[in-house]
Structures are given as C-alpha cells and as structure tokens.
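Subject: Structure for you to look at

Dear colleague,

I am handing over the structure below, and after it I set out what was found in it. Please read the notes with the model open beside them.

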Amino acid sequence: MFDIPTLETARLRLTALTEKHFDDYAAMLADPESTRWIGDGQPLDRTNAWRSLAMLLGHWQLRGCGMWALELKSTGEFIGRAGLMYPEGWPDLEMGWMLKPGHRHHGYATEAGNAVLDFAWNHLHAPRVISLVRVGNEASDRLAERLGGEHIEDMDFYGSHSHVFAYYPPHREHRRAYA
C-alpha cells in the first residue's frame, strides 16, 4: 500500500482521505453548488461519493499522487479536498480543489494549492502542472492566477469548454519550454 504523505501549512493539514472523512465528503459531493464545476456538474449520491473516494485513494497507488483531505489544524474539521490527478485520458498532471461551502473565500484553497505545488516540484519533480477550469468558474480562474498559473489555452474537455492554466517550477528559467 502506498504511504500518503501528510502536508501542513499555517492553518491546514493535508492528509489521506479516510473513512472518517466520508460523511462530510459525501455531503460536499451531494451539494449542487460544490459539484457545479467538476465532472458532469451533477451532485453525487452516497454510493457514487464512495466510488469517488475510492478512486482518489487508488490514484495514489497507481500514480504516486492524488487528492488530500483538507483539515483545519485547529479543530481537525474536514473542509474539502485538494491535490494532483493524472487519470487516463487527462492532458497532463492536474491540480484541483474543492471546499465545503462555509469554508470558501478564506484563503484555504490558495494555502492548500501552494502546498500541492510545492509537493509537485520537490517530491514528484514535475516539469509542469495544469488546472482545468470550466469557463464561467471565475473564482477558480482567479485562484489559478493567484497560484501563479498562466492561462495557456482553452480546450473542450469531456464536453466542457475549459481554461487550461499551467504552473511551472520556480527554478525553471525558460517557462514556455514545456508548454
């Protein structure tokens, strides 16, 4: 079994998703506002939320990276997920995030995104990471830009028109070499 590392930021613990997170995770995925910009945009029932959780955990075993549960360090409360994905059919290693409604607009996604990118550069030695952001999701566009993402192209991705933001390691001199 792959050992999922724990990352810590000033306010967050990025830790392995486990069964203890499932009720909160399922509730987040049942919320139409939370799922509006991911997958087919539809909320998930508990059975499909379980499948989502299992897929995210399996991704660590298959690819050596995946999504973390985001917990507040002060309370241990589950507030969302963030991490890296590169499933079959994806154009590149993707960073994604999702926060429970009450925890949006507090800087948590930026804090988690910076930790995820640090992991990508220093542990995976990734030459590039992308975020696929559906057109219209302006909050995620702004977050990608805050994290240093460059809007490099638009693409149709599984039936949704998406912005592609690319992030490059801070030490790289010629940023467009991998674009």
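Helices and strands are DSSP runs, a helix having at least four residues and a strand at least two, and they are numbered from the N terminus. Please keep in mind throughout that this is a predicted model.

I begin with Thr-9, which is found in the loop between strand S1 (7-8) and strand S2 (12-15). Thr-9 is buried, with a relative accessible area of 15%, which falls under the 20% that is the limit for that class. The side chain of Thr-9 is joined to that of Glu-111 by a polar contact of 2.5 Å. Not counting residues up to four places away in sequence, Thr-9 touches Leu-14, Lys-73 and Ala-115 as well as Glu-111.

Next comes helix H1, which covers residues 22-30 and in which Phe-22, Tyr-25, Ala-26, Met-28 and Leu-29 are buried. Seen down the axis of H1, these buried residues fall within an arc of 160°, so they line one face of the helix. As background, an α-helix has 3.6 residues a turn, so residues three or four places apart point the same way. The partners against which the buried residues of H1 pack are helix H2 (32-35), helix H3 (46-63), strand S4 (78-85) and strand S5 (94-99).

Leu-29, in helix H1, counts as buried at 1% relative accessibility. Leaving aside its neighbours within four places in sequence, Leu-29 is in contact with Thr-35, Ile-38, Pro-43, Leu-44, Ala-49, Ser-52, Arg-81 and Met-98. The C-alpha atoms of Leu-29 and Asn-48 are separated by 9.0 Å, the two residues being 19 residues apart along the chain.

Met-98 has its place in strand S5 and, at 4% relative accessibility, counts as buried. Apart from residues up to four places away in sequence, Met-98 touches Met-28 and Leu-29, together with Ser-34, Ile-38, Ile-79, Gly-80 and Arg-81. From C-alpha to C-alpha, Met-98 and Thr-110 are 11 Å apart in space, and they are 12 residues apart in sequence.

Ser-34, whose place is in helix H2, counts as buried at 7% relative accessibility. The side chain of Ser-34 takes part in a polar contact of 2.8 Å with the side chain of Asp-31, and in another, at 2.7 Å, with the side chain of Arg-104. Not counting residues up to four places away in sequence, Ser-34 touches Met-28, Met-98, Leu-99, Pro-101 and Arg-104.

I turn now to the largest pocket, in which about 1400 Å³ of space lies. Of the 49 residues that line the largest pocket, Trp-37, Ile-38, Arg-81, Trp-97 and Met-98 lie nearest its centre. Strand S5 gives the most to this lining, with 6 residues. By class, the residues of the lining divide into 23 nonpolar, 16 polar and 10 charged.

Two histidines deserve a look at their backbone. Most residues other than glycine have a negative phi. The phi of His-105, however, is near 70°, a positive value, and His-105 is placed in the loop between S5 and helix H4 (108-122). The phi of His-125 is likewise positive, being near 55°, and His-125 lies in the loop between H4 and strand S6 (129-134). Both count as exposed, His-105 at 73% relative accessibility and His-125 at 60%.

At 35% relative accessibility, Asp-154 counts as partly exposed. The side chain of Asp-154 makes a polar contact of 2.6 Å with the side chain of His-151, and, not counting residues up to four places away in sequence, Asp-154 touches His-161, Ser-162 and His-163. The C-alpha atoms of Asp-154 and Ala-16, which are 138 residues apart along the chain, are separated by 32 Å.

With best regards

Definitions and conventions: Residues are numbered from 1 along each chain as its sequence is written. This is a predicted model: local features need pLDDT of at least 70, side-chain atom pairs count only at pLDDT 80 or more; totals for chains, interfaces and linings use all residues. Side-chain values use heavy atoms; hydrogens and water are left out. Buried means under 20% relative accessible area, exposed over 50%, partly exposed in between (1.4 Å probe, protein chains only). The arc is that of the directions from the helix axis to the C-beta atoms. Contact means heavy atoms within 4.5 Å. A polar contact is a pair of N or O atoms within 3.5 Å; within protein, one must be able to donate a hydrogen and the other to accept it, and residues adjacent in sequence count only if both atoms are side-chain atoms. On a 1 Å grid over the protein atoms alone, a cavity is a set of points where a 1.4 Å probe fits but cannot get out, and a pocket is an open set with protein on both sides within 12 Å along at least five of seven lines; lining residues have an atom within 4 Å of a point. Grid points are joined across faces, edges and corners, and a volume is the space filled by probe spheres set on the points. Ala, Val, Leu, Ile, Met, Phe, Trp, Tyr, Cys and Pro count as nonpolar, Asp, Glu, Lys and Arg as charged, and the others, Gly among them, as polar.
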